Amino acid sequence: MIFEAADKMKNFEAGIFNILDDKRKELESQGRKIYNFSVGTPDFEPEEHIMKAVSEACLHPENYRYALSDRDELLEAVIRRYKHRYHTDIAKNEIMSVYGSQEGMTHIFLPLINPGDVVLLPNPGYPIFNTGAFVAQASQWLYPLTEENDYLPDLAAIPEDVCRAAKVMVVSYPANPICKTAPDSFYEELITFARENEILIIHDNAYSDIIYDGREGKSFLSFPGAKEVGVEFYSLSKSYNYTGARMSFVIGNPDVIALFKRFRSQIDYGIFLPVQMGAIAALSTDDAVVKEQCRKYQERRDALCGGLRAIGWNIPDSEGTMFAWGSLPEGYTDSNAFVMELMERTGVICTPGSSFGSLGEGHVRFALVLPPEQIKEAIESIRQSGILG
Ligand SMILES: Cc1ncc(COP(=O)(O)O)c(C=O)c1O
């Protein structure tokens with residue numbers, strides 16, 4: 001029997017990543033050295049106390065029952081973390097877990113909007129925002145992030161009819177892929193804008209602990225009025241390298257949390273209890289550990305951005321996130337074609353900017369997932385190839 005895919009699957013084509021991966025395998029089979037900066041999976045390890053908490057919990061048979069909900073100790077650990085890290089008070093009914101921000105973001109629009117409702121999303125932006133909106137059959141209005149407006153949404157430039165129609169807006173700083181941060185004043189304006197236009201804000205806070213040059217990573221919820229107008233995704237993937245365990249939280253407006261919980265109660269029996277135990281341990285990680293990791297990311301940022309500038313490729317210093325972002329070298333305009341040529345000629349793999357929306361074209365993104373020595377080797381390979389002209 002032949003099954004025909006639903007029309008929506010046209011939006012889920014394998015695309016450039018599979019092509020890049022096939023090429024990587026081909027080059028590796030020829031013995032070529034590869035420097036893979038394409039995937040944003042941290043190469044740092046979780047702390048031992050986190051792994052121990054998971055593994056000890058795995059030895060208790062009662063932990064294999066359906067969890068059904070978040071354990072009280074887990075909610076308390078989130079509350080303590082937000083109080084200590086962001087000086088922000090949250091209540092237990094303002095928190096729920098999801099299987100990673102990626103999964104949560106895919107589904108959160110479903111209980112919030114009707115097909116055709118307008119949602120505001122960044123361009124360039126992290127692709128899961130568009131996927132979530134697509135799954136819920138939203139009408140996507142993409143707000144541009146450009147140099148002229150300091151890579152922030154120009155709220156005043158969003159047409160009045162779009163503001164009236166919009167139900168949800170996704171915002172995320174430090175921003176993947178553009179590696180920019182937002183000043184406090186932006187969040188204050190955003191909250192006023194949301195309140196005036198009755199638009200729910202979803203802030204994706206994946207990178208507040210990976211932020212450079214003395215900037216302070218904050219939570220959207222630490223700004224007055226935020227909880228009234230929005231929620232924040234808080235992932236354990238990057239701050240604590242709990243990436244594969246799939247654990248993130250939606251935190252904020254209690255009505256939105258209640259709605260999303262009600263929706264999920266029909267499809268989700270809660271996160272595996274040992275994963276919840278590991279998350280409790282992760283949330284108690286010493287600040288110094290998180291800061292030291294950020295320092296190492298900054299070392300890599302310096303090696304990559306500074307190193308590429310030194311050989312004539314003007315990649316600006318990333319302000320935050322575990323990435324670097326910049327324009328293609330002179331003479332190139334098509335990011336897919338450039339990334340293939342770069343891999344072929346140098347063994348360096350990065351991600352084409354076009355994967356992040358139309359305004360990402362003409363750019364590339366590097367994930368800071370290799371140590372400084374390998375970054376230096378990769379830069380030397382680029383220099384020797386002559387690809388920069
Ligand atoms: C902006 C942003 N949000 C969310 C995620 C995914 O987070 P999680 O591992 O919690 O699904 C990433 C991962 O790269 C990201 O860059």
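The lining of the largest pocket comprises 20 nonpolar, 23 polar and seven charged residues. Here Ala, Val, Leu, Ile, Met, Phe, Trp, Tyr, Cys and Pro count as nonpolar, Asp, Glu, Lys and Arg as charged, and the others, Gly among them, as polar. The model is predicted: local features need pLDDT of at least 70, side-chain atom pairs count only at pLDDT 80 or more, and totals for chains, interfaces and linings use all residues. Residues are numbered from 1 along each chain as its sequence is written, and side-chain values use heavy atoms, with hydrogens and water left out.

The largest pocket holds about 1,400 Å³ of space. A pocket is an open set of points on a 1 Å grid over the protein atoms alone, with protein on both sides within 12 Å along at least five of seven lines; a cavity is a set where a 1.4 Å probe fits but cannot get out; lining residues have an atom within 4 Å of a point. Points are joined across faces, edges and corners, and a volume is the space filled by probe spheres set on them. In total, 50 residues line the largest pocket. Phe17, Gln102, Tyr126, Pro127 and Ile128 lie nearest its centre. Domain 1 (7-45 + 288-385) and domain 2 (48-285) each give at least three residues to this lining; the bounds come from an automatic or database domain assignment. At least two lining residues come from each of α1 (15-29), α4 (100-107), β3 (118-123), α5 (127-135) and β4 (139-144). Helices (H or I, at least four residues) and strands (E, at least two) are DSSP runs, numbered from the N terminus.

The ligand is surrounded by 13 residues, each with a heavy atom within 4 Å of it. The closest are Asp204, Tyr207, Ser235, Ser237 and Arg246. A polar backbone atom of Gln102 is 2.8 Å from an oxygen atom of the ligand. Polar side-chain atoms of Asn176 and Ser235 each lie 2.7 Å from a ligand oxygen atom. Alone, the ligand exposes 400 Å², of which the protein buries 93%; areas follow the Shrake-Rupley method with a 1.4 Å probe.

Pro177 sits in the loop between β5 (166-171) and α7 (184-197). A cis bond also joins Asn123 and Pro124, with omega about 0°. Pro124 belongs to the loop between β3 and α5.

Pro124 is among the residues nearest the centre of the largest cavity, along with Pro122, Leu145, Ser172 and Ala175. That cavity holds about 70 Å³. Its 14 lining residues divide into 11 nonpolar, three polar and no charged.

Conventions: Polar contact = N/O pair within 3.5 Å; in protein donor to acceptor, adjacent residues only side chain to side chain.
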